[in-house]
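Colleague: I am new to this model and would like to know what stands behind the labels used for it. Could you take me through some of them?

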Amino acid sequence: STLRILKAYGLCAGAHYALRLPIRSKIAGMGLMGLDICPVMLRAVAAALMAVVLTGCGGSTVVHAPAPVDPQVLRELKQDIAELRRERERLREEEARSRREQEKREGALRNDLDRGQKRLEEVSARLAELESKEAAQRKRDEEAKNYPVPDYLNRSGHVQSVNIAVTGASGTGKSSLINAMRGVKRSDGDWAPVGVKETTREPTMYLLPYNHRVRFWDLPGAGTAAWPKETYIRKMGLRHFDVVVLVSDNRFRQIDTELMGELTQYNVPFFAVRQKVNQDIRNNEEDNGVDESETVHEMMNDLFKNGIAQPYLVDSRDRSGHDFPKLIRDLIAVVANNRKGCSAPGDDGTCHAP
């Protein structure tokens, strides 16, 4: 019954405190003061309290004191930790290896893609180049039908020779200019006839004396009944010449400037030559008292105003004067550059011809 009383009053939780108090105080605190308790019984109560502390409250160990660890448990924990660390390291290595392999595969794939892209660009560029060449060839074939080599050139054996066309209105001095450029005199057998009337009715060829592969062609002027402007370039075959020299003895006619425009369109080199300069210089000095330099200046300004960007002032009777030497130098340079830059000349030996 004493044990039941102690448990009823919850003395297990405060056992140590209960043992330190005087026995009579403990009994009073438990409401037992009215009982007749002898010393023997008090000793029994104290013994019971001690038994409660040792048995009912979990033994002799204090619950918050550190308890010793079983060595076997510690060893097992260390083994588990080591095993888990090894497993973690293995997983990290596998992850790193997988990442390296993936990067390697991605790098190889990028290289393949780069090579494929480069090859695609090369093929596309080559295809565009070939398509451009094909289109140009079709255009040349079409133009060759519209601009065939005229019969007079075919009959002359013009292939692999230099052909220089000289054209202009009647009486402008074309024939005398051809004689001057070739360096021939009236007494020479291949002198080009010169006259005040139209002496050139059909294309006429004159060879360079010291090189027969160079031919000068005296062509009738455009705009006549026999050679209308609309078909002049095609019928005369100007696109098959290495260079064209357009001659005027005063202002260039509208038909001449239109002809220059067409030659520019077809990339045919040409020279605009103002002939009979000395005659006009003398006339202007005698009639108006204007000296040579002023007359030349007036001629150049007039040509510039009429759209002739680079005129040549010459006089076929004075091959060392004015722009005659420059005309010969530039003409040779244009022919040489034209032939040098031609990687695939046509059957007629020219680059600009269709």
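Modeller: A term is needed at the start: helices are DSSP runs of H or I with at least four residues, numbered from the N terminus. Just after the helix H9, Asn-267 takes a positive phi of about 60°. Bear in mind that this is a predicted model.

Colleague: Which residues of H9 are buried, and what puts them on the same side?

Modeller: The buried residues of H9 are Ile-255, Asp-256, Leu-259, Met-260 and Leu-263. They cover an arc of only 145° around the axis, and therefore lie on the same side of H9. In an α-helix there are 3.6 residues a turn, so residues three or four places apart point the same way. The buried residues of H9 pack against strand S1 (162-168), H8, S4 and S5. Exposed Gln-254 and Gln-265 are on the face turned away from that buried side.

Colleague: Why is the pair of Trp-217 and Phe-241 called edge-to-face?

Modeller: The search of the whole structure finds three aromatic pairs. For Trp-217 and Phe-241 the distance is 6.4 Å centre to centre, with 80° between the planes.

Colleague: What makes Trp-217 count as buried?

Modeller: Its relative accessibility is 3%, and buried means under 20%, so Trp-217 counts as buried. Phe-241, at 0%, counts as buried too.

Colleague: Why is the pair of Phe-271 and Tyr-312 edge-to-face?

Modeller: Their ring centres are 5.5 Å apart and their planes are at 70°, so the pair is edge-to-face. Phe-271 is in strand S5 and Tyr-312 in strand S6, 41 residues apart.

Colleague: Why is Val-277 called buried, and which residues is Val-277 in contact with?

Modeller: Val-277 counts as buried because its relative accessibility is 0%. Leaving aside neighbours within four places in sequence, Val-277 is in contact with Met-299, Leu-313, Val-314, Asp-315 and His-322. Val-277 is in helix H10 (residues 277-288).

Notes
Residues are numbered from 1 along each chain as its sequence is written. This is a predicted model: local features need pLDDT of at least 70, side-chain atom pairs count only at pLDDT 80 or more; totals for chains, interfaces and linings use all residues. Side-chain values use heavy atoms; hydrogens and water are left out. Rings of Phe, Tyr and Trp (its six-membered ring) pair if their centres lie within 6.5 Å; planes under 30 degrees apart count as stacked, over 60 as edge-to-face and the rest as tilted. Buried means under 20% relative accessible area, exposed over 50%, partly exposed in between (1.4 Å probe, protein chains only). Helices (H or I, at least four residues) and strands (E, at least two) are DSSP runs, numbered from the N terminus. Contact means heavy atoms within 4.5 Å. The arc is that of the directions from the helix axis to the C-beta atoms.
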